[in-house]
Amino acid sequence: MQGKILSPQLISGDDGKRYEYDKNDVINLDCKDLAVLTGSQVEFLSFDKRVAKSIYIIAENVNVSSILSADSISFARLSALLGLGLLIFISLFYILGSFFISTLSFEQIIDIKRHFFNFILYARPIIAIVSFVLYSMAIYSVSKAAASKSLFKNYIIAVIISFLGIFLFFMLAPSGASSASDPIAFVSLCSMIALIAAIYFYKIHAELARLSGSSLFLWAFWIFVVIVPLYFLFIMSLRLLSFFIPGFAFFITLAGFAGFITFAVFAVPIIVLVPLFVAWWRFGKVEKR
């Protein structure tokens, strides 16, 4: 018999009757959330006038209103994938765009390059803000779905500490205009802030790994821990060299290193975010405490 899913517990049969069912009897449900499949067409067997068995989804109909439910894991997954996807997209766009520009003639490059970098300049902060909002919504939704009292709280603490660390790094790091009065104290302060942030990020990813049953969240965290400090050390080294060696910035541009450095800056988000993107892609269900 065929019918339509009315709710996570009820099917409307083509015979006009309604049948109760258990999600474990849906053969091809996989990790999908029944709440978002309301309206999907199904085939089923019934050995009782009120109960459906051996249910097979033959035509999915994604229920947008259910996806947008604040406590839906499907909404969390979608938000996280969109947020991370935007950051990966802008990085790939820059890398592929730069490669394309390098194949053009000098006359073609001048105008295209100007528009390209103007787009990157204005698009990056907007995309970063949208991505941050989407990812925050994802963490909040998982926290609510799992009835977790620590996940979103740890996320907020980690974000505040991270923004504080980034602010101090770029405001106090040695530059052509200013320098830290005590470099050792500056490095110690930044290291302490980074360590505290890392502890909270570990708690977040460990809880996501437990809730999702996927160790990919922890793998993503450790990749982040290795890559990001190396990235900041790289940037710090360039700032120090530019400060202590006159004409260093001009030298790396003349030697052709400027393009490589800029490429590295945009490649880092891809290396860090792709494992996290895969982890969220595989996040299909959450266990309530």
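## A residue with no exposure: V42

V42 counts as buried, at 0% relative accessibility. Here, buried means under 20% relative accessible area, exposed means over 50%, and partly exposed is whatever falls in between, worked out with a 1.4 Å probe on protein chains only. Keep in mind that this is a predicted model: local features need pLDDT of at least 70, side-chain atom pairs count only at pLDDT 80 or more, and totals for chains, interfaces and linings use all residues. Residues are numbered from 1 along each chain as its sequence is written, and side-chain values use heavy atoms, with hydrogens and water left out.

V42 belongs to strand 4, residues 41-48. Strands (E, at least two residues) and helices (H or I, at least four) are DSSP runs, numbered from the N terminus. Who sits around V42? Leaving aside neighbours within four places in sequence, V42 is in contact with M1, Q2, G3, K4, I5, I11, I55, Y56, I57 and I58. Contact means heavy atoms within 4.5 Å. Take Y56: its C-alpha atom is 5.4 Å from that of V42, although the two are 14 residues apart along the chain.

## The whole chain

Zooming out, the protein chain has eight helices and five strands. Follow the sequence and you get the pattern β-β-β-β-β-α-α-α-α-α-α-α-α.

Of the chain's 289 residues, 38% count as buried. Looking at contacts with a separation of 6 or more, 66% come from residues 24 or more positions apart. The chain exposes about 17000 Å², and carbon and sulfur atoms supply 70% of that. Areas like this come from the Shrake-Rupley method with a 1.4 Å probe; for residues, only the protein chains shown count as cover.

## Rings that pair up

A pair of aromatic rings is described by the distance of the centres and the angle of the planes. Rings of Phe, Tyr and Trp (its six-membered ring) pair if their centres lie within 6.5 Å; planes under 30 degrees apart count as stacked, over 60 as edge-to-face and the rest as tilted. By this rule the count is 14 aromatic pairs. One of them is Y135 with Y155, a tilted pair at 6.3 Å centre to centre, with 45° between the planes. This pair links distant parts of the chain, with Y135 in helix 3 (residues 106-145) and Y155 in helix 4 (residues 151-172), 20 residues apart. Both Y135 and Y155 are buried.

Next up, Y202 and F221 form an edge-to-face pair, 5.5 Å centre to centre with 65° between the planes. Y202 is in helix 5 (residues 183-212) and F221 is in helix 6 (residues 216-244), 19 residues apart. Y202 is partly exposed, with a relative accessible area of 36%, whereas F221 is buried at 3%. There's also a cluster: ring pairs link Y135, Y140, F152, Y155, F217, W280 and F283.

## Charges over rings

R77 lies over the face of W281, 5.1 Å from the ring centre. K203 does likewise with Y200, at 4.8 Å from the ring centre. A charge sits over a ring if NZ of Lys or CZ of Arg is within 6 Å of the ring centre and within 35 degrees of the ring normal.

## S212 in helix 5

S212 is found in helix 5. Is S212 buried or exposed? S212 counts as buried, because its relative accessibility is 16%. Its side chain reaches the backbone oxygen of L208 at 2.7 Å and the backbone nitrogen of S214 at 3.2 Å. Leaving aside neighbours within four places in sequence, S212 is in contact with F217, F283 and K285.

Technical notes:
Polar contact = N/O pair within 3.5 Å; in protein donor to acceptor, adjacent residues only side chain to side chain.
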